[in-house]
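Here's a quick walk through the charged pairs and the chain contact. Have the structure open while you read.

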Amino acid sequence: MLHTINKSPFEKNSLDTCLRLAKPGSEILLLEDGVYAAVKGTAVEQKMVQALGDYTVYALGPDLKARGIEEDRLIDGVEVVGYDGFVDLAANSDRVQSWL
Amino acid sequence: MSDAAKKFMYVNRRAPYGTVYALEGLEVVLIGAAFDQDVCMAFIDDGVFQLKKGQDTKDSNMKNFSPTYRALGDYEVTKLYVDKESLEQRGLGEDDLMDLTYEDEDDDYNEKPSIRIVSRDELADLMEQQDVILNY
């Protein structure tokens with residue numbers, strides 16, 4: 001199952017609720033303002049590092065770029081995907097849960 | 001209901017009135033219910049406030065749409081899953097929620113409660129069983 005998060009973890013609880021309810025082994029794609037959760041040295045880094053033990057975490061490259069986030073600022077283990085990768089993730093999942 | 005019916009879950013995570021999400025979501029559920037699908041709703045985070053008893057918008061000039069939830073049973077939307085942790089975080093319990101029921105046509109039309117309080121694990125399992133999940 002693919003979970004997508006498009007809200008900043010500093011503004012909304014979408015990330016927290018997703019991490020509480022997603023089953024281990026799921027994929028999580030961070031996009032739009034959700035990509036801020038992928039950055040090292042933030043208040044949510046510890047939470048994300050822990051999440052990486054249970055989930056495969058992706059961040060959408062064009063949204064990182066738009067926000068000036070270089071890939072070397074990302075938490076180790078977060079995979080960057082483009083729009084094509086986003087499509088593949090959605091197409092290969094039984095269902096998609098978008099945590100708005 | 002035909003075997004081809006898909007399982008739809010409408011996930012509600014926003015409080016009523018502050019934004020239009022809750023009302024719009026409810027309207028979509030009622031419209032969707034006309035299409036003979038297997039529909040359930042989940043109430044998570046501030047979404048649990050949608051089901052709070054005693055909503056009264058008389059003094060605020062807004063439409064009180066909470067009575068509409070009572071119509072869900074007649075549209076065969078009889079599974080309203082409420083996240084226990086979200087309730088507890090907000091100081092609410094089952095008694096604070098509207099008394100929503102449906103008539104079970106498989107059981108001599110006995111009235112049964114539509115609201116089911118569920119744990120995070122139950123909710124996670126329910127999500128995995130859906131064909132489509134829509135968020136409001």
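How many salt bridges does the structure hold over all chains? This is a predicted model, and the count over all chains comes to 16 salt bridges.

## Pairs within a chain

In chain A, A:Lys47 and A:Asp16 form a salt bridge, with their closest N and O atoms 2.7 Å apart. That pair ties together distant parts of the chain: A:Lys47 sits in helix α2 (residues 45–54) and A:Asp16 in helix α1, 31 residues apart. A:Lys47 is partly exposed at 32% relative accessibility, and A:Asp16 is partly exposed at 36%.

Chain B has a pair between B:Glu88 and B:Lys84, 2.9 Å from N to O. These two are four residues apart in helix α2 (residues 84–89) of chain B, so about one helical turn separates them. B:Glu88 comes out partly exposed at 48%, as does B:Lys84 at 41%.

## Where the chains meet

The contact draws 17 residues from chain A and 19 residues from chain B. About 1600 Å² is buried between the chains, with carbon and sulfur atoms giving 45% of that area. On the chain A side, A:Arg20, A:Leu21 and A:Arg95 supply 39% of what chain A buries against chain B, more than any other three residues.

## Salt bridges across the contact

Four salt bridges run between chain A and chain B. One of them pairs B:Glu128 with A:Arg95 at 3.2 Å.

A:Arg20 also forms a salt bridge with B:Asp83, at 2.6 Å between the closest N and O atoms. A:Arg20 lies in helix α1 of chain A and B:Asp83 in strand β3 (residues 80–83) of chain B, so the pair joins two chains. A:Arg20 counts as buried at 14% relative accessibility, and B:Asp83 is buried at 0%.

Notes: Residues numbered from 1 in each chain as written. Chains lettered and ligands numbered in written order. Predicted model: local features only at pLDDT ≥ 70, side-chain atom pairs only at ≥ 80, totals over all residues. Heavy atoms only, no water. Contact = heavy atoms within 4.5 Å. Buried area = accessible area lost by both parts, 1.4 Å probe. Salt bridge = Lys/Arg side-chain N within 4 Å of Asp/Glu carboxyl O. Buried < 20%, exposed > 50% of the residue type's maximum accessible area, 1.4 Å probe, protein only.
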